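Please look through the sequence and the 3D structure shown here before reading on.

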Amino acid sequence: MYVKESLARRVIDASKQPIDSEQCWSMLELSTKLFFLGESRFARETAREVLEVYGRYHPEEFEEFFNVRFILSLLQEGYRSLGKRHPYILEYIHLGLQFVLDKASAEDIFRLLKVEVLRIVCERPSLKICVRVSRILISHPQCIPEGNHQLLFCQQLIRCIGQFHCHSEGEEGIIQFLDQVNRVSALLQNIWRLQTSLVLPSLKELFAIISFTDETETPSNALASVVQYIPLQLMDGIVRNLANADSVTDAQMMTSINRMIDWVSWPLGKNIDKWIIALLKGLAAVKKFSILTEVSLAKIQKVFSKLLYPVVREAALSVLRYMLLSFQHSPEAFHLIVPHIPHMVSCLSNESTNSARSCLEQVAELVHCMVFRFSGYPDLYGPVMEAVKKLPVPNEDCIKQLLGQNAWTSQKNELAPYYPRLVSKSDTGKIGLINLGNTCYMNSILQALFMASE
């Protein structure tokens, strides 16, 4: 290896000296071949260094070699046995671009790449290819498609992100996947920053993906990485328009929210919880209580389980808090997580971090609020109250304030059509007694005696 490195260093140093065009062309061809077809990492890295040296010290020859026709052939045909969508193709183009930016051929190359990168994303390429495209366009925004093609590029890139899935179970593989997805979504941020008019139509495409009701192909949670770059100042308008859109069916809305709530599990995503809660509040404002009920009951256990993971805990707790405090017409949502609370409290207590301690206190506060709101289940609540007994207890005024601020509506009768079991008996004005755990027979006798005419 030492001999190889010494020889490579001598070749690189010699390349810095003046040489004729024919020799220069031959070295560019050889180093290009090694870059694409080299059998070892050492061979490829050496080829990269040689190409960089020729780009710096022999700019005229490099420009002549790295021409539009050659780039087009790489993108449409590949290089010898290497397919046109191999990551090395885009790596090579990225490498060469830096040495022709101020050359006469630059505009022709940019014009070509504007067309070709759009063609690539329309083919739904792999994550690796999208990362290379993003790297080129972030480094060289002159290559980003323009006009209507720019919107189409954003929409197609979002569809690509919706197909990214992590196939690794190891920590290193997962971290690499997250990093690569964030690199791709960062390109959207760059484009939106320059063209804010593209944000809303891009979001329409995102909503079309997550609201598609065909369950055979579930969009990737990687789409959460897109949402974090949407300016929060647009939130109210977007949510209001979406909640009031006649063209969106209840099934589409329910599907989209269920998938957005799954995004809580996306690590390092910013503002995901804010968008989820804003949309839930938007639906409450237009009295879409049936959707809110179904979504809450379907997802609350999954959201609760995410409290175990520090990297997504803050967002999960925020969504859980809203779901519980707003679901006040029935104890059903709370009772779904009640059996799991003691174990959660135990796990958080053993973690010994500030994040876990803060989460514990907020979980205890939620428990006391829910027990206050839905009293009458002592046997069910016993283990839960035992688990949180050492944690701070909110006073009654605080509990009432929290419950009053978060309910879907202050008018209880508005929820009746969406939850038939809660409808009062209109002809008697009476309702049944709450089962205290083992008082069902006694309740039946009392109600029968109460309703008896004599």
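In this predicted model, the protein holds one cavity of 30 Å³ or more. Rolling a probe the size of a water molecule over the atoms shows where empty space is left.

**The largest cavity**

- The lining of the largest cavity is made up of Phe304, Leu320, Leu324, Phe334, Ile337, Ile341, Val363, Leu366 and Val367.
- At least two lining residues come from each of the helices α17 (310–326), α18 (332–337) and α20 (354–373), and α20 provides the largest share, with three residues.

**The second largest pocket**

- A total of 21 residues line the second largest pocket, and those that lie nearest its centre are Leu203, Lys204, Phe207, Ile238 and Leu242.
- Three helices, α11 (199–210), α13 (235–243) and α15 (272–285), each supply at least two residues of this lining, and α11 gives the most, with six residues.
- The lining of this pocket divides by class into 17 nonpolar, three polar and one charged residues.

**Two single residues**

- Beyond its neighbours within four places in sequence, Lys299 is in contact with Asn258, Ile261, Asp262 and Met323.
- Asn148 belongs to helix α9 (residues 148–161), and Asn148 counts as exposed because its relative accessibility is 71%, which is over the cut-off of 50%.
- Although Asn148 and Leu198 are 50 residues apart in sequence, the distance between them in space is 9.8 Å, taken from C-alpha to C-alpha.

**Confidence in the model**

- Over the protein, the mean pLDDT is 91, and 93% of the residues reach 70 or more.
- Over residues 419–427, however, pLDDT stays under 50, and the model has 11 contacts beyond four places in sequence for this stretch.
- Where pLDDT is low, the predicted coordinates should not be read in detail.

Definitions and conventions. Residues numbered from 1 in each chain as written. Predicted model: local features only at pLDDT ≥ 70, side-chain atom pairs only at ≥ 80, totals over all residues. Heavy atoms only, no water. 1 Å grid on protein atoms, 1.4 Å probe; cavity = no way out; pocket = protein on both sides within 12 Å on 5 of 7 lines; lining within 4 Å. Points joined across faces, edges and corners; volume = space filled by probe spheres on them. Helix = DSSP H or I, 4+ residues; strand = E, 2+ residues; numbered from the N terminus. Buried < 20%, exposed > 50% of the residue type's maximum accessible area, 1.4 Å probe, protein only. pLDDT = per-residue confidence, 0-100. Contact = heavy atoms within 4.5 Å. Nonpolar A, V, L, I, M, F, W, Y, C, P; charged D, E, K, R; others polar.
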